[in-house]
Amino acid sequence: MSIQINGQQKDVPAGLSVTQLIAHEMIKQPLMVSVEYNGDILDREAFETTVVKDGDAVEFLYFMGGGS
Amino acid sequence: MRLETKNVHGGRTLDPETGATQFPVHLSSAFAYPDSKRLAEVFAGTEFGHVYSRITNPTLTAFELRLSSLEGGIGTVAFSTGMAAVSGALLGLLSHGDTLVASSSLFGGTWSLFQEFFPRMGIRVKLVDGMDLSAVRAAVDDRTRALYVESVSNPAIGVADLEGWAALAKEINAPLVVDNTCMPAHLEGKKLGIALLVYSTTKWIDGHGRAVGGAVTDTGAYKWRNAPHAHLAPWIAKAGPMAFLAYLRNRILRDLGGTLSPHTAWIHSSGIDTLKLRFDRHCDNALELAEFLSTHPAVRSVLYPGLESSPFHERSKALFGGRNHGAVLSFTVADQESAWTVLDSLKVASRMTNLGDTRTLALHVWSTINAAFTPEENAAMGVDPGLVRVSVGLENAQDLVDDFRQALDAIPARP
């Protein structure tokens with residue numbers, strides 16, 4: 001299926017949960033990443049149970065901050 | 001995973017290149033990137049990375065992950081000291097005109113922050129008897145934006161009704177901030193409904209008296225999307241449940257700068273491995289010492305929730321899992337002169353401030369850390385001239401009992 005990840009169209013296997021998508025995309029620091037799913041920031045507890053569908057838009061975000 | 005296993009393995013990964021079990025100390029003020037696009041993505045938060053060690057650093061990140069694992073939190077921000085963590089958490093919540101309702105049974109530094117700094121900034125602080133929930137409720141007003149209490153108060157050693165505090169916090173939609181320094185990893189913060197756990201990691205998390213540090217963990221219990229704090233609105237829109245942690249990092253650390261050194265983060269992280277192991281022994285020693293002190297004729301009172309006679313015993317059992325009641329006790333003797341005689345006669349325990357060292361620490365609070373407060377302020381904090389605070393260490397319990405016995409025996413008999 002085809003989804004958007006951080007603004008880029010990508011083909012991923014069907015039926016992945018958000019947790020599985022994080023692993024599939026080898027997202028860095030999975031314990032620190034926030035996920036915006038179709039415009040809403042997901043609670044971490046929902047990562048396992050939210051199954052990504054064709055046409056979804058996912059943003060992986062880190063709130064690490066800029067510097068001087 | 002049970003606590004001992006979490007202590008060793010929680011929040012930890014092996015180095016993928018070397019297999020090292022310990023993470024390195026990254027003594028680097030800032031971090032270079034191969035191209036401007038990648039650096040901009042890191043600043044924007046769409047790529048993971050570090051840019052400047054006031055805000056994040058790989059060693060601090062590793063320490064924060066370990067602390068989050070300990071508490072089951074959604075994230076942690078480390079600070080340079082416990083007071084930086086306390087002030088950072090509350091300045092992250094409170095604005096001019098807001099009210100903070102807090103227990104009056106507080107560590108002196110927190111008292112001073114609440115009574116001196118916050119009023120100057122237009123933050124109204126209402127200090128109430130934290131053991132009386134009706135008093136806490138009566139203090140709440142329509143501008144209350146946070147509640148604050150120590151899980152075990154220092155040095156009065158009371159145990160707050162945290163379930164009651166949390167229920168009230170939920171009712172008024174205010175985050176409950178709990179300083180859990182004295183019972184690290186023994187509170188089910190999220191289950192209780194505590195929003196933020198604040199620590200002086202200087203104490204039992206380091207556990208060896210080596211360096212100062214602090215931390216704020218967001219348990220995930222408070223739903224920031226419903227928060228009435230206007231300044232957090234843009235962060236809630238951007239970061240959802242991570243809003244407050246993002247604010248702590250991107251505003252409190254970025255603009256106020258109370259950042260932990262990577263060196264100290266590594267040291268404090270190394271303490272986590274043996275936290276439960278050490279804390280069990282600290283608590284066993286504290287109970288044995290408390291039981292002895294209760295029998296000595298020169299001791300007027302012993303404040304320790306592990307004693308069955310303590311008014312906080314049942315609550316302590318319910319809140320902290322039943323086995324441990326903390327490693328700090330206080331006892332009172334007749335007056336300051338008697339307290340100084342005891343302290344000056346100790347041969348094993350050390351006369352000094354601090355808590356949570358491997359060695360037993362004993363302190364006359366009235367003439368030292370609380371010397372700047374008025375008698376009325378001290379009374380509100382549960383401190384009188386005869387009070388001695390003891391952070392019970394890891395020495396042999398009988399050696400500690402023998403030491404305090406001979407020290408108490410040195411008090412001259414009164415006619």
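Before we start: helices (H or I, at least four residues) and strands (E, at least two) are DSSP runs, numbered from the N terminus. Keep in mind that this is a predicted model.

Q: In which strand of chain B does Arg145(B) lie?
A: Strands are DSSP runs of E, at least two residues long. The run that covers residues 144-150 of chain B takes in Arg145(B).

Q: Is Arg145(B) buried or exposed?
A: A residue needs 20 or more other C-beta atoms within 10 Å to be called buried. Arg145(B) has 22 other C-beta atoms within 10 Å. Setting aside neighbours within four places in sequence, its contacts include Leu93(B), Asp98(B), Ala174(B) and His229(B). Because of that count of 22, Arg145(B) is buried.

Q: How far apart in space are Arg145(B) and Pro412(B)?
A: Along the sequence, 267 residues separate Arg145(B) and Pro412(B). Going C-alpha to C-alpha, the distance in space is 51 Å.

Q: Why does Thr76(B) count as buried?
A: Thr76(B) sits in strand E1, residues 75-79 of chain B. Leaving out neighbours within four places in sequence, Thr76(B) touches Glu64(B), Leu67(B), Ser68(B), Ala215(B), Val216(B) and Thr217(B). Thr76(B) counts as buried because its C-beta neighbours inside 10 Å number 27.

Q: What separation do the C-alpha atoms of Thr76(B) and Thr61(B) have?
A: These two threonines of chain B are 15 residues apart along the chain.

Q: At what angle do H4(B) and H5(B) pack?
A: H4(B) covers residues 82-93, and its axis is 10 Å from that of H5(B). H4(B) passes H5(B) in a right-handed crossing. Met83(B), Val86(B) and Ser87(B) of H4(B) meet Gly109(B), Thr110(B) and Leu113(B) of H5(B), a contact with 3 nonpolar, 3 polar and no charged residues. The packing angle is about 35 degrees.

Q: Which helix gives the largest share of the side of domain 1 of chain B that touches domain 2 of chain B?
A: Chain B is split into domain 1 (3-272) and domain 2 (275-409), and their contact takes 32 residues from domain 1 and 35 residues from domain 2. On the domain 1 side, helices H1 (3-9), H5 (108-120) and H11 (262-272) each give two or more residues. That side divides into 18 nonpolar, 11 polar and 3 charged residues. The largest share, 3 residues, comes from H1(B).

Q: Which helix of chain B gives the most to the side that touches chain A?
A: The contact between the chains takes 23 residues from chain B and 17 residues from chain A. On the chain B side, the residues divide into 13 nonpolar, 7 polar and 3 charged. With 5 residues, the top contributor is helix H10 (residues 243-256).

Q: What radius of gyration does chain B have?
A: The C-alpha trace of chain B spans about 80 × 55 × 35 Å along its principal axes, and buried residues make up 54% of the chain. For 415 residues, a compact globule would have a radius of gyration near 22 Å. Chain B agrees with that, at 22 Å.

Definitions and conventions. Residues are numbered from 1 along each chain as its sequence is written. Chains are lettered from A and ligands numbered from 1 in the order in which they are written. This is a predicted model: local features need pLDDT of at least 70, side-chain atom pairs count only at pLDDT 80 or more; totals for chains, interfaces and linings use all residues. Domain bounds come from an automatic or database domain assignment. Two residues are in contact if their C-beta atoms, placed from the backbone, lie within 7 Å. Ala, Val, Leu, Ile, Met, Phe, Trp, Tyr, Cys and Pro count as nonpolar, Asp, Glu, Lys and Arg as charged, and the others, Gly among them, as polar. A residue is buried if 20 or more other C-beta atoms lie within 10 Å of its own, exposed if 12 or fewer, and partly exposed in between; C-beta atoms are placed from the backbone. The radius of gyration is taken over C-alpha atoms; the globule rule is 2.2 Å times the number of residues to the power 0.38. Axes are lines fitted to C-alpha atoms, for helices over the stretch in contact, and angles run from 0 to 180 degrees between N-to-C directions. A crossing is left-handed if the near helix is turned anticlockwise from the far one by less than a right angle, and right-handed if clockwise.
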